[in-house]
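Hi,

Here is the structure I said I would pass on. Have a look at it first, and then read my notes below.

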Amino acid sequence: MLVIDHVSKVFNPGTINEKKALDKLCLTVNDGDFITILGSNGAGKSTLFNAIAGVFLADEGKIVLDDVNITFDPDYKRSKYIGRLFQDPLKGTAPHMTIRENLALAYLRAGRGFDSFSRISKKDEEMFREALKKLDMGLEDRMHTQVGTLSGGQRQALTLLMATIVPPKLLLLDEHTAALDPAAAEKVTQLTKEIVARNHTTCLMITHNLHQALQTGNRTLMMADGNIILDLNDEERKNTSVDELLRRFKEGAKTELSDDRILLSE
Amino acid sequence: MQQIIQTALLLGCIYSLVTLALFISYRVLDIADLTTDGCFVLGMAVSVSLARAGHPVLAVFGAMLAGCGAGFITAFLQTRLGVPSILAGIVTNTGLYTVNLMAMGWSSNLTLLKQETIYTMFRFTGIGGTWYQVVLSAAAALLCMAAVRWFMSTRLGLSIRATGDNRDMVSASSINPKFTVTVGLMAANMMTGLSGALAGQMQKSADINAGNSIVVIGLACLIIGETVMQGRKSIGRNILACLLGNIIYRMIYAIILQTRFIPIECLKLMTAVIVALAIAAPSMKEQAGVWMRARKEI
C-alpha cells in the first residue's frame with residue numbers, strides 16, 4: 001500500500017517562475033490497484049511520479065510504501081521497489097550494451113547480497129530468455145544485440161520487462177506508449193496489462209487518452225494545479241461517460257481546452 | 001632499428017596503461033578525467049621514493065594505491081560536492097603538484113642510483129635476455145588489460161558501463177551512480193599510477209614535470225588504436241586498441257627522434273593537432289558532406 005500524505009513541491013521558490021507543482025496532495029493506493037491518471041499539462045502528474053520515485057525530495061509531507069517511510073530515500077534505493085517507464089523509449093535502456101547486459105543490470109534489483117564481482121550466469125541467461133519469449137518479439141534470439149539498434153516499440157517492451165523482471169511493489173507508467181506508433185503502442189499496452197495482471201502489480205498510469213483511462217485498471221484520478229480533483233472508483237467509472245470526463249477536465253483546467261493531446265478516439 | 005623497436009615496445013607497454021585509464025574514464029564513463037597528468041607523476045614519485053627506500057615491489061603497489069586515492073578525490077569532488085567533472089580533475093591535478101613534491105621529499109626530481117628496481121630484479125631471472133624490460137612491462141600491461149576485461153563483465157563493471165551509457169537507467173536498477181563513478185575513476189587512476197610507477201623504475205628517476213600533457217598523448221593513442229582496430233565494437237577489442245595505439249605512437253615517436261624528420265620540439269604541437277583532428281573528424285566529415293551536396297544541388 002502506498003500512502004502519500006500532504007506532499008507539496010514548489011519549483012523555483014521565491015522567484016518570478018515560482019510554481020506550486022504539488023499542493024498538499026493526499027492519495028492512498030491499495031495493493032493491486034491499477035490507477036489511471038488524467039490531467040492537463042502542468043497539472044502535476046509527472047511531478048507526482050518524480051516525488052514517488054525519489055527524483056527529488058518532497059518539500060513537505062511524507063510518502064509511505066508498505067509501512068516503510070521512504071520520504072527521504074534517494075531514487076536508486078526506491079528503485080528496488082518502484083519500477084518506472086517514461087514516454088521516451090530511449091530513457092530506460094543503455095543503448096551501447098546488449099539486451100542480455102541490460103537485463104542483467106535490471107536483475108540487480110533482486111539484490112542477492114554482495115555479488116558485485118560475479119558474472120552473468122547460465123541460469124540467469126536462461127531466465128532472461130524465457131522472459132523475453134513472453135514478449136513475443138523474437139528478442140530471445142538476439143540476446144547479444146546492442147539495444148540501440150532496436151526499434152522504439154521493442155525498446156519500450158524491453159524496458160517494461162526490465163522494470164518488472166523483479167516484480168516491483170509499485171509500477172509507474174508515465175505515458176509509456178505515447179511516443180510509439182499505433183501498432184507498437186497497442187502491443188506494449190497489451191504486454192503491460194498481461195504483466196500487471198500476472199504479478200498483481202500495483203500500478204499508476206498517466207495517460208492522455210480519456211477512453212483508455214476509463215477502460216484500463218480499476219480507478220481513475222484527475223489532477224489539476226497539483227492536486228487530485230476527481231477520484232473515480234470502478235463503480236463510478238461505469239456511470240461516467242467520456243463526455244462527462246471531458247467536462248470535468250475542462251472545469252479542472254479552468255481554461256478553454258487548448259490541449260490537443262487529449263485523445264477522444266479509441 | 002632493433003633499438004627503435006625495443007624502445008617503442010617498452011614505452012608503448014608502459015604508457016598503454018594511461019590509455020587504458022582514459023578508456024575507462026573517457027570512453028566507458030564518459031567523463032574527461034584530467035587528474036591523469038598529476039596522477040601519473042604521483043605514481044612515479046611514490047614508486048621511486050619507495051624503491052629508494054629499498055622496496056621496489058611494494059613501491060608498485062603503493063603507487064597504485066596512491067593513484068586510487070587521487071581518483072577518489074576527483075570522484076568525491078564531482079559526485080558529492082557538485083564540482084563539474086572537468087574542473088574536479090583540474091583541481092585535483094593542481095593539488096597533486098604539491099603532494100608529488102612532498103612524495104619526492106620536496107625536490108623536483110629524484111633518481112635511483114644503485115638501488116634495486118623491479119626491472120633489475122627481473123633481469124636476474126634471465127627471462128627475455130636483453131628484452132627483459134619489454135617482457136616485464138608487457139606482462140604488466142597484459143595482466144592489467146585482462147583484469148579490466150574481466151572486471152567489465154562483472155555486475156559492478158556492467159553498472160559502470162551503464163553509468164556512462166544511460167545514468168538514469170543505473171539508478172533505476174537500484175545502483176547509486178555516484179558509487180559507480182567513484183569506483184570507475186579509482187580504477188582508472190590506479191592504472192595511471194601503475195603506469196607512472198613502471199616508467200619511474202624503468203628510467204630510474206622521477207621528475208615533477210614527467211606528466212605534462214600525458215592525458216593528450218594518451219587520448220591520441222586511444223584514437224589511433226581505435227582507428228586501426230576499426231571502431232569500437234567490443235570491450236576486448238577496445239582494450240587491445242589501447243596497447244596497439246601506444247605501440248604505434250611510440251614507434252612513430254622513435255622514428256621521428258631517430259631521423260629528425262620533424263623537429264623534436266614540435267612533437268607536442270603535432271600530438272595536439274592529431275588529437276584535435278581525430279576528435280573533430282566525425283563532425284568535419286558531416287559538414288563536408290553537407291557542403292558537397294549543397295554545391296552539387298545549387
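**Aromatic pairs**

Over all chains, the count comes to 7 aromatic pairs. One of them joins A:F117 and B:F151, with 6.2 Å centre to centre and 40° between the planes, and it is classed as tilted. This pair crosses between chains: A:F117 sits in the loop between helix 3 (99–107) and helix 4 (122–135) of chain A, while B:F151 belongs to helix 6 (residues 132–151) of chain B. Before you go further, please keep in mind that this is a predicted model.

Are the two partners buried or exposed? A:F117 has a relative accessible area of 40%, so it is partly exposed. B:F151 has 13%, and because buried means under 20%, B:F151 is buried. There is also a cluster here, with ring pairs linking A:F117, B:W150 and B:F151.

**A charge and two rings**

Still on rings, take a look at B:R250. Its charged end sits over the ring of B:Y15, 4.2 Å from the centre of that ring. The charged end of B:R250 also sits over the ring of B:Y253, this time 5.6 Å from the ring centre.

**Helix 3 of chain A**

How many residues of helix 3 of chain A are buried? The answer is 9 of the 9, so this helix is largely enclosed by the rest of the structure. Among the buried residues are A:R100, A:E101 and A:N102, along with A:L103 and A:Y107. What do they pack against? Within chain A, the buried residues of helix 3 pack against helix 4 and helix 5, and in chain B against helix 7 (155–165) and helix 8 (167–172).

**A glycine in helix 5 of chain A**

Helix 5 of chain A covers residues 152–164, and A:G152 is found in it. With a relative accessible area of 29%, A:G152 is partly exposed. Leaving aside neighbours within four places in sequence, A:G152 is in contact with A:P89 and A:L180. If you want a distance to check, the C-alpha atoms of A:G152 and A:A184 are separated by 8.2 Å, and these two residues are 32 apart along the chain.

**A surface patch on chain B**

B:F76 counts as partly exposed because its relative accessibility is 37%.

Cheers

How values were computed: Residues numbered from 1 in each chain as written. Chains lettered and ligands numbered in written order. Predicted model: local features only at pLDDT ≥ 70, side-chain atom pairs only at ≥ 80, totals over all residues. Heavy atoms only, no water. Buried < 20%, exposed > 50% of the residue type's maximum accessible area, 1.4 Å probe, protein only. Helix = DSSP H or I, 4+ residues; strand = E, 2+ residues; numbered from the N terminus. Contact = heavy atoms within 4.5 Å. Phe/Tyr/Trp six-rings, centres within 6.5 Å; stacked < 30°, edge-to-face > 60°. Lys NZ or Arg CZ within 6 Å of the ring centre and 35° of its normal.
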